Amino acid sequence: MDDGAVLRIGNASGFYGDRFAAVREMLTGGPLDVLTGDYLAELTMLILARDRLKDRSLGYARTFLRQMEECLGLARERDVKIVVNAGGLNPARLAEELRALAGRLGVEAAVAHVEGDDLLPRRAELGLPEGLLAANAYLGGFGIAACLAEGADVVVTGRVTDAALVAGPGIARFGWTAEDLDALAGAVMAGHVLECGAQATGGNYAFFHEHDVTRPGFPLAELRADGSSVITKHPGTGGAVTIGTVTAQLLYETGGSHYLGPDVTARLDTVRLTGEGPDRVRIDGVRGEAPPSTLKVGLNRLGGHLNEVVFVLTGLDIEAKAALVRRQFADALPPEARPAELRWTLARTDHPDAATEETASALLRLAARDPDPARVGRELGKAAVELGLAGYPGFHLTAPPGPGAPYGVFGAAYVDAKAVEHIAVLPDGRRIAVPPAPVTAQPDLREAELPEPLPAGPTRRAPLGLVVGARSGDKGGDANLGLWARSEDGWRWLAHTLTVERLRELLPEAAELTVGRHLLPNLRAVNFTLTGLLGEGVAARHRFDPQAKALGEWLRARHLDIPEVLL
């Protein structure tokens, strides 16, 4: 194992559509050894699957190809390796396009790719359900490492875990094997912090007002041979790297204390964060355990067709106006044209005695879903429009009804890791089979013990967000909600106060849901999973915030009795 210098790994993309200029910014902003980019999310895989339906040569993130047209030569001049999952559903084709691009640019670049995650051709053999558009296993970092070890300058993958983009270069540089569980776990935690780009440097941060986050820079990790790292950013770039911003990202879209992956199970409850000066946070102490014997498989299918109509209700009698719309709509739609699901939501955005018409208005949203596109199309829109002169006073819509559109559903399955072919395709065309983890285990999910409660004292009714930060997101149809305290006393109060029962009281949408709670004392954090809050996932748009991005901010705005010593 190499015990020498630091491996500097940067990130330039947290999703398909992230800041286009970030690749150039990261390549020119300071020294780097590797530049990564995460282009894939559950929704992205559906988008790429629909691209592939139209044209079998597509299915990859085309934005990345345009970024390389601008920056491939710059990366090679600076000897920076590029590792991205922009291959999506077609990494082999993206690798071909990159080689052709390099030829046109006159740039010497050895391009490799990783494949084997696409399980759709083997659906029946693996017992996966019918009707899928995509079925992709989450692979680990050893395929990426094999490509880099054989001289690749650019590695493109399909569906690997987001953290594999950082773990793979670490494996290649430091010679880690499957037995180096602690080092792998540390790299996975660094990768998890980097994967969402500027979220680690102040983007989407609960206490954003404490830093200038007008244009946060993108993060990088200084990774060492023992798996420890320092999270930082290029000098002079915006945003901030603090224990708070790193904590927020560590809690993003995670569950309990064990972060399961194909290479290692990283113990989130062992992570230790230490400030090392301005914009430098050390991650160390991470313990790793053997990974599970199965791989997660992301499943995408079409769920049906969706349409929306939004009625604007202004001024007085908002509730009565909403009730009138619903009665009239039920009468206007003949039974044979009624969609399988009609969901009404009234958002009381109106204010009394408002100074503008917009702030005097509420929004009544109708979402219709049906397997038959005709049932959410013309008849639905016709029923809404025909109320125009026969409805509530001030009747109007935010936009004319459209024809409706297909929506997707994301699900997950698990298959034996030994049944998945993980292949590194080298720049010279050779194919190397990457074996699964030789030792696997089911994690011991025992929860941490509660800290000592905070002594009783005077309290004041106030928003939770005055003393607690939050970061939330989606995992299929479930929502993840992580909260952390900013002091040891705050942690003692948070751990005892924010129980599952209290969370259900504060977030009534979760009242009937299965809610899991996990304590992470090292991070002074509590992590919740709200099962089913998002219905069938982001593409199904079950609620107006379909990825639960603002769920944490809603909770922080709720009032409860907070000890005055914390305020």
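The lining of the second largest pocket is made up of nine nonpolar, three polar and five charged residues. This is a predicted model, in which local features need pLDDT of at least 70, side-chain atom pairs count only at pLDDT 80 or more, and totals for chains, interfaces and linings use all residues. Residues are numbered from 1 along each chain as its sequence is written, and side-chain values use heavy atoms, with hydrogens and water left out.

**Second largest pocket**
- Thr-345, Glu-509, Arg-543, Phe-544 and Asp-545 lie nearest the centre of this pocket, among 17 lining residues (residues with an atom within 4 Å of a point of the pocket, which is an open set on a 1 Å grid where a 1.4 Å probe fits, with protein on both sides within 12 Å along at least five of seven lines).
- β15 (341-347), β16 (361-370) and α13 (551-557) each supply at least two lining residues (DSSP runs: helices H or I, at least four residues; strands E, at least two).
- β15 gives the most, with three residues.

**Largest nonpolar core**
- The core has 74 residues, of which Leu-119, Leu-128, Met-189, Val-246, Leu-250, Val-271 and Ile-283 touch the most other members (a core joins buried Ala, Val, Leu, Ile, Met, Phe, Trp, Tyr and Cys residues through side-chain atoms within 4.5 Å).
- Helix α7 (residues 181-194) contributes the largest share of this core, nine residues.

- Asp-279, in the loop between β11 (272-275) and β12 (281-284), has a positive phi of about 60°.
- Arg-524, in the loop between β24 (514-520) and β25 (525-531), has a positive phi near 50°.

Key. Ala, Val, Leu, Ile, Met, Phe, Trp, Tyr, Cys and Pro count as nonpolar, Asp, Glu, Lys and Arg as charged, and the others, Gly among them, as polar. Buried means under 20% relative accessible area, exposed over 50%, partly exposed in between (1.4 Å probe, protein chains only).
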